[in-house]
Amino acid sequence: MGMIANTVGMIVTLLMGTIQLKLVLDFSWSEALAVGAYPFIVVGLIKTFLASWIGITVRRRLVQANMLQQKQDIPA
């Protein structure tokens with residue numbers, strides 16, 4: 001779930017930046033994408049993976065140290 005949330009956040013951020021480049025600097029869509037989105041996609045995906053992995057690892061360690069309770073199912 002964290003990976004999906006991070007990926008959606010990255011897409012929204014890149015989309016807003018690309019739209020801003022298009023409108024403010026009067027770039028074409030292909031120029032705005034080339035400058036504002038394409039260079040950051042790979043790095044963003046790497047950061048998304050690392051943030052999700054680190055979050056899962058920290059949560060597991062906190063549960064093992066009894067500093068956090070395990071998530072329990074909530075009845076509907």
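Read along the sequence, the protein follows the pattern α-α-α, with three helices and zero strands. Helices here are DSSP runs of H or I with at least four residues, strands are runs of E with at least two, and both are numbered from the N terminus. The radius of gyration is 18 Å, well over the 11 Å that the globule rule gives for 76 residues, so the protein is more spread out than a compact globule. That radius is taken over C-alpha atoms, and the globule rule is 2.2 Å times the number of residues to the power 0.38.

Before going further, please note that this is a predicted model, in which local features need pLDDT of at least 70 and side-chain atom pairs count only at pLDDT 80 or more, while totals for chains, interfaces and linings use all residues. Residues are numbered from 1 along each chain as its sequence is written, and side-chain values use heavy atoms, with hydrogens and water left out.

Let me stay with the overall picture for a moment. Along its principal axes, the C-alpha trace spans about 55 × 30 × 15 Å. Of the 76 residues, 14% count as buried; buried means under 20% relative accessible area, exposed means over 50%, and partly exposed lies in between, with a 1.4 Å probe and protein chains only. The protein exposes about 6400 Å², and carbon and sulfur atoms supply 68% of that area. Accessible areas come from the Shrake-Rupley method with a 1.4 Å probe, and for residues only the protein chains shown count as cover. Among contacts with a separation of 6 or more, 37% come from residues 24 or more positions apart, where contact means heavy atoms within 4.5 Å.

I turn now to helix 1. Helix 1 covers residues 2-24, 23 residues in number, and reaches 33 Å from its first C-alpha to its last, close to the 33 Å expected at 1.5 Å a residue. The expected span is 1.5 Å times one less than the number of residues in the helix. Which residues of helix 1 are buried? They are M10, L14, T18 and L21. An α-helix has 3.6 residues a turn, so residues three or four places apart point the same way. The buried residues of helix 1 pack against helix 2, residues 29-36, and against helix 3.

Between helix 1 and helix 2 there is a loop, and D26 is found in it. Phi of D26 is near 55°, a positive value in a residue other than glycine. D26 is exposed, with a relative accessible area of 64%.

Next comes helix 3. Its 27 residues reach 40 Å from the first C-alpha to the last, close to the 39 Å expected at 1.5 Å a residue. The buried residues of helix 3 are G44, T48, S52 and V63, and what covers them includes helix 1.

At 4% relative accessibility, T48 counts as buried. Leaving aside neighbours within four places in sequence, T48 is in contact with M3, N6, T7 and M10. S52 is also buried, with a relative accessible area of 11%. Not counting residues up to four places away in sequence, S52 touches G2, M3 and N6.

Y38 and F27 are eleven residues apart in sequence and 15 Å apart in space, C-alpha to C-alpha. V42, also found in helix 3, is exposed at 56% relative accessible area.

Together with M3, I46, F49, L50, W53, I54, V58, L62, M67 and L68, V42 makes a nonpolar surface patch of about 1000 Å². Patches are made of residues with over 30% relative accessible area and no salt bridge; like charges are joined within 9 Å, and nonpolar side chains (Val, Leu, Ile, Met, Phe, Trp, Tyr) within 5 Å. A salt bridge is a side-chain nitrogen of Lys or Arg within 4 Å of a carboxyl oxygen of Asp or Glu. Which helix gives the most to the nonpolar patch? Helix 3, residues 38-64, does, with eight residues.

Finally, N66 lies in the segment after helix 3. N66 has a positive phi of about 55° although it is not a glycine, and at 70% relative accessibility it counts as exposed.
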